[in-house]
Amino acid sequence: MTGASRVKFYQTGTFTVGNRLLDVSVRSVQSDADRNNSLNSGHRACQGCGEALGARYALDAAMRAVNGRLVVANATGCLEVFSTPYPESSWRVAWLHSLFANAAAVGTGMAAAMKVKGRKDVRVIAQGGDGGTVDIGFACLSGMFERDDDVLYICYDNEAYMNTGIQRSSATPAAARTMTTPAAGQEPGNVFGQGKNVPLIAMAHGIPYVATASVADLRDLEYKVGRAMAIHGARYLHVHVPCPLGWGCDTGDTLKVARLAAESGLFPIFEAEAGEVTGRRTIRRRVPVEDYLKMQSRFAHLFSPKRDERRIAMIQAIADRNIRRFGLLDKSEQGAHP
Amino acid sequence: MLKQCEGSIAIAEAVALCRPEVICAYPITPQTHIVEGLGLLVKSGKLSNCEYINVESEFAAMSVAIGASACGARAYTATASQGILYMAEAVYNASGLGLPIVMTVGNRSIGAPINIWNDHTDSMALRDAGWIQLFAENNQEATDLHIQAFKLAEELSVPVMVCVDGFILTHAYERVDVPEQSKVDAFLPPYEPRQVVDPDEPVTIGAMVGPEAFMEVRYLAHHKQMQALERIPQLAEEFRRVFGRASGGLLHTYHTEDAETVIVALGSVNGTIKDVIDQMRAEGVKIGSVSLCSFRPFPTAALHAAIGHAKRVVTIEKSLSVGIGGNVSHNLRMALQGRDTKVSTVIAGLGGRAITQTSLRKVFTRAIQDTLEPLSFMDLNTAVINRQLERERVTRRTGPAAEAILRDIGTMAARVS
């Protein structure tokens, strides 16, 4: 899109080993020529869309994990709209879209149908964006969790209602500019002290598996999907997916922005079983939140016309708390996965 | 098997006989006893191979049913009142996706003011949602309609609402013949969906449709209901052959052949109406009635055949289309095109107010005298209304109207002679 964008041929700065150096058994699902291509090319997502990337990796990993025995419920939102403009579909999985708020409940119904039909091999994923998950779909999500229904719910979190044109959700970070939290007035952007942490709320339900992941580490995302599909009951995966359009970053910087969110501590990557944190992806090269914020025009008001030291420090404090809370700098404890 | 039981329990047993595979349960008065009854049947093992899911809302109830039905399971839920409005979006979605879900509506008013008693406001609010709406006149018909509903829904790939008057039917103990399993199995084949979410044949269901095709999709929904107009009487006849009794169909007529005055109503009030007609017939009055069993699709042709010859038609309606009047009468006029039949709408029984024989008789008599207004409200306490209007005229802020009216009429509110 922008002339300044530099084409990159490989994912830099992830510390992951190139696939060709790895044993075949641990190579990424996406590197397999026989991958399912669950979300096939030709869809209408914007350039640099983190959600399209995350969904493709997540569903391909799930399809491999369950040997293709998968059905998917999808909430209304970007992912639904850009993938299925009638009469086209990018989905190479059995896929149902019902409404904005009910993907988790539709997933429950699908799982019940498969059970009663004796098709125990068929597994269910329900998925949606942050609006469809943490706001309007929250009651159905919580209901599915507390009943421990055999559904993996994947939230692709791009931190606002992007499909309707960038409005604040309860996943929108403090200070971020959206169309409903404009960069105007004494405290421009989204207010501090609001929002909800749905991975922690999911853990409070005591469900067997909760994890966060990011498109910054696609191998970790694949691993967590595989791990989730090896478990029965209600599971939750919260994937951080930058939206270049909504965040105001370069379309070539999706992965870099996602990485800085993780490496600053603003988006903690961890996993939990039965309500207890069992693994975290530790920060390898810590960066100040400023490095992350500066890349995105949704935070531009923090830096111009003059630096908003107070609120930058408040965001840094959020990252610092995450680092303490989840032990993100603790080198002695690594996640169980490679 | 003949038994004396509560309407809700008869309905629960009828639903169980249809071998539902997924039942979504959420309590709301006056429907609750139905899902309780089904819960007991599942938990005790009498209804096997059925997933009974205690959901967290009516919206989830319909959504779980959508997921289950889309994967090929026979799905059922029940609701009422606020519940059907809370699930409204999913109600439209189920019909749009062509999912043959069957839902009982234990008809109840909609608040505010909150009111748990019977009227038809809830079903009427969703009359255009693309569901077939069948209204039961008594508990035998409520029982039988559920068995017909699954067959109708699955043949046409359209969801069906069976509307049952709250309390008046759901909580009434009556003699009901609950059919035998073997007969239900003979009548209702297993559900074979037209399209399913299935990893063996992966398809995309629920895609976005723009202006280029949306009209056609909606027309097809209408077309299916026109097919239902033909299928509903056939199913009632098939049902009669298997079970030996008449239940369902588009409408029931009562002494309409030579009637100059025809009363039209939905649901249980038809029992009271028939009693009044019996009395007036004994006095030589040419009066009859039509009980509309199918409100969606609306049986325009059948109704024309039944009432086209009448001088006047009176609808007794348990819902109010605020700002205009009757829902039934406005639909009914389609059946009277080209006729100069006088149609009077009587709004009655809102929020559970008793519709008595005395009041019905007064209304019918005025209709015959041609003094009945085009729109009237049965047993309206005009003194109370006038006092409230006077308060509002004098003072802008008069407090909440419902509470002020309650204070006016004291503790005798429920007593209508």
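User: Where does B:Pro113 sit?
Analyst: B:Pro113 is in the loop of chain B between strand S5 (102-107) and helix H6 (121-125). Helices (H or I, at least four residues) and strands (E, at least two) are DSSP runs numbered from the N terminus. This is a predicted model, where local features need pLDDT of at least 70, side-chain atom pairs count only at pLDDT 80 or more, and totals for chains, interfaces and linings use all residues. Residues are numbered from 1 along each chain as its sequence is written, and chains are lettered from A and ligands numbered from 1 in the order in which they are written.

User: OK, and what kind of peptide bond joins B:Ala112 and B:Pro113?
Analyst: That one is cis, with omega about -5 degrees. The bond from B:Thr29 to B:Pro30 is cis too, with omega near 0 degrees. B:Pro30 is in the loop between strand S2 (22-25) and helix H2 (32-43) of chain B.

User: Switching to chain A: what's the phi of A:Glu159?
Analyst: It's positive, about 70 degrees, although A:Glu159 is not a glycine. The residue lies in the loop between strand S4 (152-157) and helix H6 (198-204) of chain A.

User: Is A:Glu159 buried or exposed?
Analyst: Buried, because A:Glu159 has 28 C-beta neighbours inside 10 Å. The cut-offs, with C-beta atoms placed from the backbone, are 20 or more others within 10 Å for buried, 12 or fewer for exposed, and partly exposed in between.

User: And what about A:Ala175, where is that?
Analyst: A:Ala175 is in the loop between S4 and H6 of chain A. Its phi is positive as well, near 75 degrees, and A:Ala175 is buried, with 23 other C-beta atoms within 10 Å.

User: Now the interface. How many residues does the contact take from each chain?
Analyst: 37 from chain B and 37 from chain A; a contact here means C-beta atoms, placed from the backbone, within 7 Å.

User: Which element of chain B gives the most to that side?
Analyst: H3(B), with nine residues.

User: Which strands pair in the parallel sense?
Analyst: Strand S2 (residues 94-97) of chain A and S9(B), over two bridges; pairing requires DSSP to find at least two bridges between the strands. A:Leu96 stands opposite B:Ile205 in S9(B).

User: Last one: where does A:Ala300 lie?
Analyst: In the loop between helix H10 (289-294) and helix H11 (309-326) of chain A. A:Ala300 is partly exposed, with 15 other C-beta atoms within 10 Å. Its C-alpha is 8.9 Å from that of A:Ala176, 124 residues apart along the chain.

How values were computed
Two residues are in contact if their C-beta atoms, placed from the backbone, lie within 7 Å.
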